[in-house]
Amino acid sequence: AYPVGVLGMIAALTIARRLIGPDADTHATSDSTGLARHRGNLTNRTVEITNPLIIGFGPDEVSEHSGIDVVFGRIRRDGRTSLASSATRFQLGDLVSVVGAREQIERMCAFLGREAVQRIEFDRSELDNQGMFVSDPEVAGHTLAELDLVQHLGAFITRLRRGDVEFVPHGGTVLELGDRVRVLAPPAHMPAVARFLGDSYQKVSEIDVLSLGLGVAMGLLVGLIPIPLPGGITIRLGLAGGPLIVSLVLGSLVRTGPLIWNLPYGANLTLRQLGLTLFLAGVGTRSGYEFATTLAQGGAWAMLALAVALTAFAALVTLWIGHRVFRIPLAQLGGMLAALQTQPALLAYAQEQSRNELPNIGYATVYPTAMLLKILLAQVLLGLG
């Protein structure tokens, strides 16, 4: 049933994309989530403060009051350029560099005053900007507010790139191994900031064997725990459900003392691709003979055609309700559909079609519940039978 199930889901997703149109994904990418909204769309602009109502307020207060998602980088006053930190208080005539999505910057320009002719973000004599990798385990798992780079190193992070998504960081943003950040600091401070963050491409591709091994071991032990149910039925989470539950818990903790539970983005992606390839290869080699034998039997083609029709129909209904009723982006629905069917092959197809992070978001939202329910319900049905 697995091959026809995959084909039915792919057919349904392809039909939905043809009916809804490609513009649905573009609109979703710009409006659905904070991360996807700024993908490849961050820019800088210098703003001259002419609004007297914000005099005496700081960057954090202005962002909170206006509800505009931007970051303030440099501020020039009386011919000197410095960091626009939380201690900064705006005055009339200040020139401030603003980083964010283009539409957000335009709103902030209108709120603060007007766009300045002078571009202070291009002046690197007093403050320089440089891209760095977050590769030090001591830094990962902490928020920017906890690290307080402005106080300790005189530096400020204006952009953060995680995978293919670039977004505006804030005090509550948690740094992860493999993050690519844009650092704003005096040129003399850059070596110290690089040492603090790690800035090693090699380290962001490595796997912490200790944390990975401990997580897998704990997951296997949890999967062996018997769970009694009424009627004398005993179920277990098994080799898949146990590690899934433990990974969800450890992923929410991010770190425990010196142990980082999140894999670097690059290593995570490599393991996922390798696991998907091994899974599909295992399914094919294990079931190929039985599948061919089934096709040779009488009535097999009718059964397979019915399976494709049922899976495609259920998928189309799911996609229609999700998009029309709940206004969920089609790309995200593709990931949710893959998780609902626990089909990583469909997730790969949805990612290839959408070329953004929305399928992963939908998959991660639904997959844990779908996986656990299937594991438990299968054992309950066998127990009742």
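I began with the largest cavity, which holds about 40 Å³ of space. The model is predicted.

I then asked which residues line the largest cavity. I listed Ala140, Gly141, Leu175, Glu176, Leu177, Val254, Ile260 and Asn262. Sorted by class, this lining has 5 nonpolar, 2 polar and 1 charged residues.

Next I looked up how many cavities of 30 Å³ or more there are, and the count is 2. The second largest cavity has about 30 Å³ of space. Its lining is made by Leu13, Arg17, Leu330, Ala331, Gly334 and Ala350. By class I noted 4 nonpolar, 1 polar and 1 charged residues for the second largest cavity.

Which helices each supply at least two residues of that lining? I found helix H1 (2-20) and helix H13 (330-340). The largest share, 3 residues, comes from H13.

I checked one member, Leu239, which sits in helix H10 (residues 238-253). Is Leu239 buried or exposed? Leu239 counts as exposed because its relative accessible area is 64%, and the cut-off for exposed is over 50%.

Methods: Residues are numbered from 1 along each chain as its sequence is written. This is a predicted model: local features need pLDDT of at least 70, side-chain atom pairs count only at pLDDT 80 or more; totals for chains, interfaces and linings use all residues. Side-chain values use heavy atoms; hydrogens and water are left out. Helices (H or I, at least four residues) and strands (E, at least two) are DSSP runs, numbered from the N terminus. Buried means under 20% relative accessible area, exposed over 50%, partly exposed in between (1.4 Å probe, protein chains only). On a 1 Å grid over the protein atoms alone, a cavity is a set of points where a 1.4 Å probe fits but cannot get out, and a pocket is an open set with protein on both sides within 12 Å along at least five of seven lines; lining residues have an atom within 4 Å of a point. Grid points are joined across faces, edges and corners, and a volume is the space filled by probe spheres set on the points. Ala, Val, Leu, Ile, Met, Phe, Trp, Tyr, Cys and Pro count as nonpolar, Asp, Glu, Lys and Arg as charged, and the others, Gly among them, as polar.
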